[in-house]
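Hi everyone, thanks for making time for this one. I'd like to walk you through a structure I've been looking at, so let me put it on the screen.

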Amino acid sequence: MQAASEVKRFLLQSGAVNARLVYKKTDSTLRGNISAELTTLAQFYPEWCIGYAPAYPALGRTVKAGI
């Protein structure tokens, strides 16, 4: 998948492979290949816990009980 390939390319070319923290921004309407991108990050950083909270309260988008 192209999204996963782009994340992998970025990590390798930027030197972020040894990063202690990665901030992954996503579109506020949740467009894109978020799952593929986060899966790629998880593969590069298997010891990390990745939290993802796609809330946007101003537009009525909130996360409750993981949904």
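I'll go through a helix, then the salt bridges, then the aromatic rings. Please keep in mind that this is a predicted model.

Let's start with helix α1, which covers residues 2-14. It has 13 residues and spans 18 Å from its first C-alpha to its last, close to the 18 Å expected at 1.5 Å a residue. Which residues of α1 are buried? They are Ala3, Ala4, Val7 and Leu11. If you look down the axis of α1, these buried residues fall within an arc of 105°, so they line one face of the helix. Part of what covers them is α2. Over on the other side of α1, Gln2, Leu12 and Gln13 are exposed. After α1 comes Gly15, with a positive phi near 85°.

Now for the charged side chains. How many salt bridges does a search of the whole structure find? There are two.

As a reminder, an α-helix has 3.6 residues a turn, so residues three or four places apart point the same way. Both partners are partly exposed, Glu6 at 36% relative accessible area and Arg9 at 39%.

The other bridge joins Glu37 and Lys24, with their closest N and O atoms 2.8 Å apart. Glu37 belongs to helix α2, residues 34-44, while Lys24 is in the loop between α1 and α2, so this pair ties together parts that are 13 residues apart in sequence.

Last stop, the rings. The structure has two aromatic pairs. In one, the ring centres of Phe44 and Tyr45 are 6.5 Å apart and the planes make an angle of 50°, so that pair counts as tilted. The other pair, Tyr45 and Trp48, is stacked, with 3.9 Å from centre to centre and 10° between the planes. Phe44, Tyr45 and Trp48 together make one aromatic cluster. And is Tyr45 buried or exposed? Tyr45 is buried, with a relative accessible area of 2%. Its two partners are partly exposed, Phe44 at 23% and Trp48 at 24%.

That's my tour, and I'm happy to go back to any part of it.

Technical notes
Residues are numbered from 1 along each chain as its sequence is written. This is a predicted model: local features need pLDDT of at least 70, side-chain atom pairs count only at pLDDT 80 or more; totals for chains, interfaces and linings use all residues. Side-chain values use heavy atoms; hydrogens and water are left out. A salt bridge is a side-chain nitrogen of Lys or Arg within 4 Å of a carboxyl oxygen of Asp or Glu. Helices (H or I, at least four residues) and strands (E, at least two) are DSSP runs, numbered from the N terminus. Buried means under 20% relative accessible area, exposed over 50%, partly exposed in between (1.4 Å probe, protein chains only). The expected span of a helix is 1.5 Å times one less than its number of residues. The arc is that of the directions from the helix axis to the C-beta atoms. Contact means heavy atoms within 4.5 Å. Rings of Phe, Tyr and Trp (its six-membered ring) pair if their centres lie within 6.5 Å; planes under 30 degrees apart count as stacked, over 60 as edge-to-face and the rest as tilted.
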